[in-house]
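Dear colleague,

Please find the structure below for your records.

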Amino acid sequence: MMPIATFPNRRIEQSAPPVHDWLLFLFITVISLFLAYAGQHLLLSDELYFNALAEQMTYEQIQKTIAQSHEWSWLGYCIVPLFNLLKFTLVASCISLGYYFAADRWVFKPFFQVAVQGELVLLLPAVVKLIWFLFVQTDYNLHELQFFFPLSLLNLVESTDIAPWLAYPLQIANLFELAYWLVLAYGIMQAIEMPMSRAFGLVAASYGSGLLVWVAFIMFLTVSLS
(Lines give C-alpha, C1' and ligand atoms only; values in the text may rest on other atoms or scores of the structure.)
Protein backbone atom coordinates (compact mmCIF):
# COMPACT_ATOMS: atom_id res chain seq x y z
CA MET A 1 0.00 0.00 0.00
CA MET A 2 1.21 3.49 -0.84
CA PRO A 3 2.46 5.53 2.13
CA ILE A 4 0.21 8.34 3.22
CA ALA A 5 0.59 11.15 5.66
CA THR A 6 -0.48 10.69 9.25
CA PHE A 7 -3.82 12.32 10.04
CA PRO A 8 -4.96 13.82 13.31
CA ASN A 9 -6.86 11.39 15.48
CA ARG A 10 -10.10 13.36 15.54
CA ARG A 11 -13.29 12.07 17.13
CA ILE A 12 -15.61 10.91 14.38
CA GLU A 13 -19.27 10.23 14.88
CA GLN A 14 -20.11 6.68 13.85
CA SER A 15 -23.82 6.60 14.42
CA ALA A 16 -26.05 4.71 12.02
CA PRO A 17 -26.33 6.27 8.57
CA PRO A 18 -29.17 8.79 8.32
CA VAL A 19 -32.38 7.85 6.54
CA HIS A 20 -31.48 9.90 3.45
CA ASP A 21 -28.36 7.75 2.90
CA TRP A 22 -30.46 4.61 2.76
CA LEU A 23 -32.88 6.40 0.44
CA LEU A 24 -29.91 7.28 -1.76
CA PHE A 25 -28.85 3.62 -1.70
CA LEU A 26 -32.38 2.66 -2.78
CA PHE A 27 -32.36 5.34 -5.49
CA ILE A 28 -29.02 4.14 -6.87
CA THR A 29 -30.25 0.54 -6.87
CA VAL A 30 -33.44 1.52 -8.73
CA ILE A 31 -31.47 3.50 -11.31
CA SER A 32 -29.02 0.60 -11.71
CA LEU A 33 -31.94 -1.78 -12.30
CA PHE A 34 -33.50 0.62 -14.81
CA LEU A 35 -30.23 0.96 -16.74
CA ALA A 36 -29.73 -2.80 -16.74
CA TYR A 37 -33.30 -3.33 -17.99
CA ALA A 38 -32.99 -0.60 -20.61
CA GLY A 39 -29.69 -1.97 -21.86
CA GLN A 40 -31.12 -5.48 -22.08
CA HIS A 41 -34.32 -4.52 -23.89
CA LEU A 42 -33.40 -1.39 -25.85
CA LEU A 43 -29.81 -2.06 -26.93
CA LEU A 44 -29.61 -5.84 -27.18
CA SER A 45 -31.67 -7.70 -29.73
CA ASP A 46 -31.92 -11.22 -31.09
CA GLU A 47 -30.51 -9.94 -34.39
CA LEU A 48 -27.34 -8.75 -32.64
CA TYR A 49 -26.81 -12.20 -31.16
CA PHE A 50 -27.45 -13.94 -34.48
CA ASN A 51 -25.00 -11.67 -36.30
CA ALA A 52 -22.32 -12.14 -33.64
CA LEU A 53 -22.68 -15.92 -33.23
CA ALA A 54 -23.60 -16.97 -36.74
CA GLU A 55 -20.09 -18.22 -37.55
CA GLN A 56 -19.66 -20.09 -34.25
CA MET A 57 -23.03 -21.75 -33.64
CA THR A 58 -25.94 -23.18 -35.55
CA TYR A 59 -29.29 -21.40 -35.81
CA GLU A 60 -30.87 -23.74 -33.27
CA GLN A 61 -27.97 -23.29 -30.83
CA ILE A 62 -28.22 -19.51 -31.06
CA GLN A 63 -31.98 -19.69 -30.46
CA LYS A 64 -31.40 -21.87 -27.40
CA THR A 65 -28.72 -19.48 -26.06
CA ILE A 66 -31.03 -16.47 -26.47
CA ALA A 67 -33.94 -18.30 -24.82
CA GLN A 68 -31.76 -19.25 -21.85
CA SER A 69 -30.51 -15.66 -21.46
CA HIS A 70 -34.11 -14.41 -21.39
CA GLU A 71 -35.13 -17.14 -18.96
CA TRP A 72 -32.38 -16.27 -16.45
CA SER A 73 -32.38 -12.48 -16.93
CA TRP A 74 -34.34 -12.03 -13.70
CA LEU A 75 -31.37 -13.40 -11.75
CA GLY A 76 -29.20 -10.51 -12.94
CA TYR A 77 -31.72 -8.00 -11.62
CA CYS A 78 -31.80 -9.76 -8.24
CA ILE A 79 -28.01 -9.55 -8.01
CA VAL A 80 -27.88 -5.76 -8.57
CA PRO A 81 -28.75 -4.64 -4.99
CA LEU A 82 -26.45 -7.31 -3.51
CA PHE A 83 -23.66 -6.25 -5.87
CA ASN A 84 -24.11 -2.59 -4.90
CA LEU A 85 -24.05 -3.41 -1.20
CA LEU A 86 -20.91 -5.53 -1.62
CA LYS A 87 -19.21 -2.86 -3.71
CA PHE A 88 -19.93 -0.06 -1.24
CA THR A 89 -18.75 -2.27 1.61
CA LEU A 90 -15.47 -3.10 -0.14
CA VAL A 91 -14.77 0.53 -1.08
CA ALA A 92 -15.52 1.70 2.46
CA SER A 93 -13.37 -1.11 3.89
CA CYS A 94 -10.40 -0.14 1.72
CA ILE A 95 -10.64 3.49 2.81
CA SER A 96 -11.19 2.47 6.45
CA LEU A 97 -8.09 0.29 6.35
CA GLY A 98 -6.04 3.12 4.85
CA TYR A 99 -7.29 5.51 7.51
CA TYR A 100 -6.53 2.97 10.23
CA PHE A 101 -2.89 2.70 9.12
CA ALA A 102 -2.64 6.49 8.96
CA ALA A 103 -4.48 7.49 12.15
CA ASP A 104 -4.60 4.27 14.19
CA ARG A 105 -8.38 4.48 14.32
CA TRP A 106 -11.01 2.32 12.62
CA VAL A 107 -13.83 4.25 10.98
CA PHE A 108 -16.35 2.66 8.63
CA LYS A 109 -19.86 4.15 8.53
CA PRO A 110 -18.89 7.65 7.31
CA PHE A 111 -16.81 6.08 4.55
CA PHE A 112 -19.69 3.78 3.60
CA GLN A 113 -21.87 6.86 3.20
CA VAL A 114 -19.20 8.47 1.01
CA ALA A 115 -19.02 5.33 -1.15
CA VAL A 116 -22.80 5.37 -1.67
CA GLN A 117 -22.79 9.05 -2.63
CA GLY A 118 -19.85 8.61 -5.00
CA GLU A 119 -21.66 5.87 -6.93
CA LEU A 120 -23.79 8.53 -8.62
CA VAL A 121 -20.74 9.41 -10.73
CA LEU A 122 -20.24 5.81 -11.85
CA LEU A 123 -23.83 5.60 -13.10
CA LEU A 124 -23.11 8.25 -15.71
CA PRO A 125 -21.15 6.03 -18.16
CA ALA A 126 -24.14 3.67 -18.42
CA VAL A 127 -26.44 6.63 -19.07
CA VAL A 128 -24.09 7.99 -21.74
CA LYS A 129 -23.80 4.54 -23.33
CA LEU A 130 -27.57 4.15 -23.46
CA ILE A 131 -28.05 7.58 -25.05
CA TRP A 132 -25.15 7.05 -27.48
CA PHE A 133 -26.47 3.82 -29.00
CA LEU A 134 -30.12 4.91 -28.94
CA PHE A 135 -29.66 8.26 -30.66
CA VAL A 136 -26.11 8.66 -32.04
CA GLN A 137 -24.64 5.35 -33.22
CA THR A 138 -27.83 3.48 -33.97
CA ASP A 139 -26.14 1.01 -36.34
CA TYR A 140 -23.85 -1.14 -34.20
CA ASN A 141 -22.84 -4.72 -33.57
CA LEU A 142 -22.42 -6.72 -30.37
CA HIS A 143 -18.64 -6.20 -30.29
CA GLU A 144 -19.01 -2.40 -30.52
CA LEU A 145 -21.63 -2.44 -27.79
CA GLN A 146 -19.52 -4.54 -25.43
CA PHE A 147 -16.31 -2.56 -25.89
CA PHE A 148 -17.79 0.93 -25.75
CA PHE A 149 -16.91 2.92 -22.64
CA PRO A 150 -17.18 6.71 -22.89
CA LEU A 151 -14.18 8.94 -22.09
CA SER A 152 -11.86 5.98 -21.56
CA LEU A 153 -8.55 4.91 -23.09
CA LEU A 154 -10.38 1.91 -24.53
CA ASN A 155 -12.26 4.19 -26.91
CA LEU A 156 -9.01 5.69 -28.16
CA VAL A 157 -7.74 2.39 -29.57
CA GLU A 158 -9.18 -0.16 -31.95
CA SER A 159 -10.56 -2.89 -29.70
CA THR A 160 -9.82 -5.58 -32.30
CA ASP A 161 -6.11 -4.69 -32.20
CA ILE A 162 -5.56 -5.14 -28.46
CA ALA A 163 -5.15 -8.27 -26.36
CA PRO A 164 -8.34 -9.23 -24.47
CA TRP A 165 -6.59 -8.90 -21.10
CA LEU A 166 -5.85 -5.22 -21.82
CA ALA A 167 -9.49 -4.27 -22.42
CA TYR A 168 -10.50 -3.95 -18.76
CA PRO A 169 -7.58 -1.79 -17.55
CA LEU A 170 -8.07 0.50 -20.57
CA GLN A 171 -11.75 0.72 -19.70
CA ILE A 172 -11.02 1.58 -16.06
CA ALA A 173 -8.69 4.40 -17.15
CA ASN A 174 -11.46 6.93 -17.79
CA LEU A 175 -12.50 10.42 -16.72
CA PHE A 176 -15.51 9.14 -14.79
CA GLU A 177 -13.19 7.09 -12.57
CA LEU A 178 -11.07 10.18 -11.92
CA ALA A 179 -14.21 12.13 -11.04
CA TYR A 180 -15.19 9.28 -8.69
CA TRP A 181 -11.84 9.58 -6.88
CA LEU A 182 -12.39 13.34 -6.49
CA VAL A 183 -15.92 12.80 -5.14
CA LEU A 184 -14.63 10.22 -2.66
CA ALA A 185 -11.88 12.62 -1.58
CA TYR A 186 -14.36 15.47 -1.14
CA GLY A 187 -16.70 13.25 0.90
CA ILE A 188 -13.81 12.13 3.11
CA MET A 189 -12.72 15.74 3.55
CA GLN A 190 -16.21 16.57 4.81
CA ALA A 191 -16.56 13.42 6.94
CA ILE A 192 -13.28 13.57 8.88
CA GLU A 193 -12.28 17.21 8.36
CA MET A 194 -8.98 16.89 6.54
CA PRO A 195 -7.49 18.90 3.67
CA MET A 196 -8.58 17.88 0.18
CA SER A 197 -5.02 17.00 -0.83
CA ARG A 198 -4.66 14.55 2.07
CA ALA A 199 -8.12 13.12 1.45
CA PHE A 200 -7.20 12.45 -2.18
CA GLY A 201 -3.96 10.85 -1.00
CA LEU A 202 -5.98 8.58 1.29
CA VAL A 203 -8.23 7.58 -1.63
CA ALA A 204 -5.22 6.90 -3.86
CA ALA A 205 -3.42 4.83 -1.22
CA SER A 206 -6.44 2.82 -0.05
CA TYR A 207 -9.10 2.57 -2.74
CA GLY A 208 -6.46 2.96 -5.47
CA SER A 209 -4.48 0.00 -4.13
CA GLY A 210 -7.64 -2.10 -3.92
CA LEU A 211 -8.56 -1.15 -7.47
CA LEU A 212 -5.12 -2.19 -8.74
CA VAL A 213 -5.52 -5.59 -7.10
CA TRP A 214 -8.98 -5.99 -8.63
CA VAL A 215 -7.77 -4.99 -12.12
CA ALA A 216 -4.84 -7.42 -11.83
CA PHE A 217 -7.26 -10.17 -10.81
CA ILE A 218 -9.54 -9.50 -13.80
CA MET A 219 -6.53 -9.47 -16.15
CA PHE A 220 -5.31 -12.79 -14.72
CA LEU A 221 -8.81 -14.27 -15.04
CA THR A 222 -9.08 -13.09 -18.65
CA VAL A 223 -5.74 -14.64 -19.57
CA SER A 224 -6.64 -17.90 -17.81
CA LEU A 225 -9.98 -18.21 -19.60
CA SER A 226 -8.73 -17.12 -23.01
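**Surface patches and a loop residue**

Helix α5 is the element that gives the most to the nonpolar patch, with six residues; helices (H or I, at least four residues) and strands (E, at least two) are DSSP runs, numbered from the N terminus. This is a predicted model, in which local features need pLDDT of at least 70 and side-chain atom pairs count only at pLDDT 80 or more, while totals for chains, interfaces and linings use all residues. Residues are numbered from 1 along each chain as its sequence is written, and side-chain values use heavy atoms, with hydrogens and water left out.

The nonpolar patch on the surface consists of L42, V127, I131, W132, L134, F135 and V136, which together have about 630 Å² of accessible area (Shrake-Rupley method, 1.4 Å probe; for residues, only the protein chains shown count as cover). Patch residues have over 30% relative accessible area and no salt bridge, with like charges joined within 9 Å and nonpolar side chains (Val, Leu, Ile, Met, Phe, Trp, Tyr) within 5 Å; a salt bridge is a side-chain nitrogen of Lys or Arg within 4 Å of a carboxyl oxygen of Asp or Glu.

D139, E144, E158 and D161 form a negative patch (Asp and Glu count as negative, placed at CG of Asp or CD of Glu). D139 lies in the loop between α5 (109-136) and α6 (142-146) and is exposed (over 50%), because its relative accessibility is 68%.

S152, in the loop between α6 and α7 (164-172), is buried (under 20%) at 4% relative accessibility. Leaving aside residues up to four places away in sequence, S152 touches L170, Q171, A173 and N174 (heavy atoms within 4.5 Å).

Note on methods: Buried < 20%, exposed > 50% of the residue type's maximum accessible area, 1.4 Å probe, protein only.
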